Structures are given as structure tokens and as C-alpha cells.
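Here is a short report on one chain and its neighbour. Look over the sequence and the structure before reading on.

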Amino acid sequence: MSSFAHAGLLVRRSVIRTLRQPANLVFSFMFPLLLLAVSSGGLNAATRIPGFPTSSYLTFALAVPFIQGALFAANSAGTNFAEDIESGFLSRLSLTPLSRSALLTGQLAGVVALGLLQAVVFLAVGEAAGAGFAAGIAGLPVLFALSILITLGFGTLGALAALRTGSGEAVQGMFPLFFVLLFLSSSSLPRNLMSIDWFHTVATYNPVSYLLEAVRSLLITGWDGEALALGFGCAGAIAVAGVYLCSRALRTRMVRT
Amino acid sequence: MSEPNGIEVEGLVRVFKKGPRAVDGIDLEVAPGEIYGFLGPNGAGKSTTVLMLTTLLPPTEGTARVAGFDVVRDGGKVRMAIGAALQEAALDPFLTGREHMRLQGGLHGLDRRERERRGNELLERVGLSEAADRKVGGYSGGMKRRLDLGLALVHRPRILFLDEPTTGLDIQSRTALWDEVSRLSKEDGVTVFLTTQYLEEADVLADRVGIIDHGRIVAEGTPAALKAEIGRVHVEAEPADEDDRGRLNAILDRCGGDLTAIVRELDREGIRVAHLTVHEPSLDDVFLAKTGRSLEGAGADEDEVLEEALA
């Protein structure tokens, strides 16, 4: 039986277990949308600042749930993986002919599926509420591809935390750090309007800014090659590094002779 | 060259970086179809040994052949031949029993139809047919262990490793599991390597027992031979008439554990007995004799030792 079929079995398991924990699921969809409602309602005045890229704060803020959703997905990926390690389920899997790459693919594919589903919901809700989508229909596959890559990238970081620590609590503990990263980015203001120097510097070095700006470019500008290249580049780099580190960590975690 | 479904271990050692010599030079041999009971207190090195024999932990020194394959060089072939239910049934609480069977069957390469057939057969066998479509999170401890055992059998392994399969179970669940393990050995010829900290379990189930303490095997043999080695049957009696006590004790001293001789002597001398007990040496006596400690309550928690050592 191929690695592909093995990964398929694990994806199925991961989907089943995700759907059977509706509380987690609702939270990862509702929380970003709730924050979106609050910020787009309260911060609309920001659009009057000269240089603000759009007249709709909703359109501007809609990029944030995509990142938050990916963070939630990553958190659940990491927690699930850690639970498997803690419970010994990973040892059970290790005793079957399952390959490490199939295991990793199986674990991450579940996250990616969740991330994609979130992206669809966030976009649908945003558009229904009147947000713009400048790139048009052709931008949809680009937006979803970017979402998948972002979720995969964060997902590998969640999985890495699980593999290195073997503890669900450690993964949960790492989660707020991601939110700090999100906060210290261009999540609530475009970088050109940031007046505090250190904040501007941090946001400029923070890859999350470029993920946001790539999503935002599709919503506000249409087709911005540079923003898209930076976004895909950052997400891709995180994903590649994450997958590499995960497979290394898995080699020590899933020891078998 | 070992038989294809036996186990041969020579000089097996496992040292953890920050920890003790968890396994300190073990030699043992398990014959095909035999139930081998690996008995010892917590922290003795039982689980570490099982992890090495199931290829999940590389040995520091020594060799082990399982089903005729070296655990280090031919890990993949060993895994094909063995089934294992490791400590604490490792199950996904959100999946049903049947979904576990499907996953396990699929990972072992069974096609869809065979997966269903084999899954149903095993669920029936371990008495979980009715609970098959319930989530495992709601199973009792005994049901989880039975499912764990069933999952270990999906690919028809020739050797089965059970690491403390009945720890924490009530007596009914324990007996049900014993019956199943013994059936596997007798009817299907499966070799069973079973660790336990329960004397009774080793006594009832095992054809041969190895007693392990501080990473070393301190005694090995059939339960009967081990008991015979450390002492014979010991008889205690209370006379019906207190005046006979002296003569009674003299007879008991003279005859040792020979019950027939004791009864004959008592009859000849006309002594009436109010109470008579026959003490057979237990495996705990064997453990006491070999280590100077009682098995019950001895030892540290091996899980903790393992976790610390691996950290």
C-alpha cells in the first residue's frame, strides 16, 4: 500500500476527529469573525486618515481572519499531534508500515483542509457584509492558494512544537506568541501610516505583515505583483522550513529501527 | 537460528543518557507458541525491554531476534511479524471501535472489503460488536484493553507483545482478557510475550516466567519449577486438643510438606486436628528469595524513569 493511501487514511481520521469536536470548530470560525465585526465597526474612522488605501475598513480588516484562522488551525494541528504522542497513539502508528512522510502529510493535510474551509467562510461572510474584492473571480484561486500555503506554514510550526515537546500544553502555551506576532504586524494599520518608529520597524521585519498585505492586495488593489510575491514567498519559506524541521524532529520522535 | 516465531535475546542492554541502566544485560529465549510472563515491579525494565523487542527503542548493546529477524537490522520485518498492545491502551477517544479497526487494517495494507471483514471478526472476538459504533471515549477500561488487543491482531501477527495488559482492570475484565490470550496461544499458536506486575497473572497464564529486577533477570523457569526451587509445600496445623500440640509439631517437623505422611502419622497417633492449611510457595516467595524484597509495592514508576531519561 502506498504512502499516498496511508496519508489518505490519516486525513480521514483527522477530519472525523475535527468534526466531532464542534466546540473547537465553532471557536476557530467565530472568533476571527467576531473580531472582524468589532474592528470594522469601531475603526472605520481610520479610513479618513490621508493615505489609507481604502474607504472601507471592513475590506482592510478582512485580511486578518485569514491569518487568525490559520493560527487556530495550526494550534489544533499541534494539539492533536501532541495528544497522539502523549497517548501513545504515535507508537501504535509506528508499529505499522506507515512512513514518516505519510504521517506528516496526513497530519498536515487535515489542517490545510480546515484552513481552506475557513478561508471560504471568511470570504463569503466578508463579501456578504459589503467588503470589496478588487482582484475579481480570477483572484479567488490565488487567494485560496495563498490561504492554503499560510495554513500549511503555521501548521508545520504547530506540529513542530508538538514533536519537540510532546506536550499539548506546551503547544497551547506557544499559541499566544503567534497572536503577539499578529499584533506586531500591519494587522490594524497599513505600515506607511505607522507613526511609532519601533513598531514600524518590527512590523517591517515581521513576515506576518507580508502575508496580510498579500491577502489585502487582492481585496483592495487587485493585482499587485510585489505584494503577492512577498506574501507567497514568506508563506512558502515558513512552510518549507517547517516541513524540513518537522521531518527532522519526527526522526527522533518516531524512532524505530 | 531461532524458530520463525520465537524470541531470542542475548546480552540486551539499554542505558539512558541521564538515567539508569534500565535494562542491564538480559538473556532470554521464548519458544514458538509459548506464553512468556515477564514479571517484575514497576521500574524493573519490563517496558524498556518490550520497546526494544518491538523495534521502538534501539538497544545500547546486545542482540535480539524476534520471529527470526534482528530487531536492529530488520526492524521492518520484525514489525510485520508482531502485534503489540503497549501500556495504557493508546486509542483516539473521538473515533469509534470500528473506525480504529478500519484505520489499523488500512495501514497494514488490507483492502476495503478485507478491512471490514477482519474488523468485524476481531470486534466479535473481543466482545465489542455491540459497542463497535460508539466513540472509544465512552468505553470502560476493560473495553479499551480488549479493543487494543483486537487492533494488535489485525494483521495476524505470529508474536504478540502485551505490556501490562490488565493493569487497572477489575477482576472480571482481567479474567476475560486472560481467556482470550490463552486461546490465542493454544488455538492459534501465537507466541505471547507478556509483562506484568501481577503474580497471579504470570501464574495463571504463563508457560514460563522470567523475573526481572533492576534490569536483570533474577530467575527464570516454569512457575511450578520456580516455586519448587525455593521451597516445598509447608503445612500448618492446629490441634483440636491443646495437649497434643507438642506431638503435632513434632510430626509436622518430621514430615515436612508430605501431606500423606502427615495424615498417616496423625491417624496412627490418634491426634485430632481442628485446622490445617497447606502453604504452597508463591511467585512472590520466589521474588522475595531472589531479591530480598516483596514484589508487591516494590520499585519505582518505570514510566517516570523512562520519561525523565528520554527528556
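## Where the chains touch

The contact takes 22 residues from chain B and 21 residues from chain A. Keep in mind that this is a predicted model.

Look at the side of chain B that touches chain A. Helices α2 (75-81) and α3 (97-107) of chain B each supply at least two residues there. The most comes from α3(B), with 4 residues. Sorted by class, this side of chain B has 12 nonpolar, 6 polar and 4 charged residues.

## Chain B as a whole

Chain B has 12 helices and 12 strands. Its C-alpha atoms fill a box of roughly 80 × 45 × 35 Å, taken along the principal axes. The chain has 311 residues, and 44% of them are buried.

## A covered strand

Is strand β8 (residues 191-196) of chain B mostly covered or mostly open? It is mostly covered: 6 of its 6 residues are buried. Thr191(B), Phe193(B) and Thr195(B) point one way from β8(B). Val192(B), Leu194(B) and Thr196(B) point the other way. The residues on both faces are buried.

## The neighbours of β8(B)

Which strands pair with β8(B)? One is strand β3 (residues 35-39) of chain B, which pairs with β8(B) in the parallel sense over 5 bridges. Here Phe38(B) has Thr195(B) as its bridge partner.

Another is strand β7 (residues 159-163) of chain B. It also runs parallel to β8(B), and 5 bridges join the two. In this pairing, Ile159(B) stands opposite Thr191(B). How does the chain get from β7(B) to β8(B)? It crosses through helix α6 (residues 171-188) of chain B. This β-α-β crossover is right-handed.

## Putting it together

Then find β3(B), which is paired with β8(B) in the parallel sense. Finish at α3(B), on the side of chain B that touches chain A.

Methods:
Residues numbered from 1 in each chain as written. Chains lettered and ligands numbered in written order. Predicted model: local features only at pLDDT ≥ 70, side-chain atom pairs only at ≥ 80, totals over all residues. Buried ≥ 20, exposed ≤ 12 C-beta atoms within 10 Å, placed from the backbone. Contact = placed C-beta atoms within 7 Å. Nonpolar A, V, L, I, M, F, W, Y, C, P; charged D, E, K, R; others polar. Pairing = 2+ DSSP bridges. Right-handed = clockwise from strand over helix to strand, strands pointing away.
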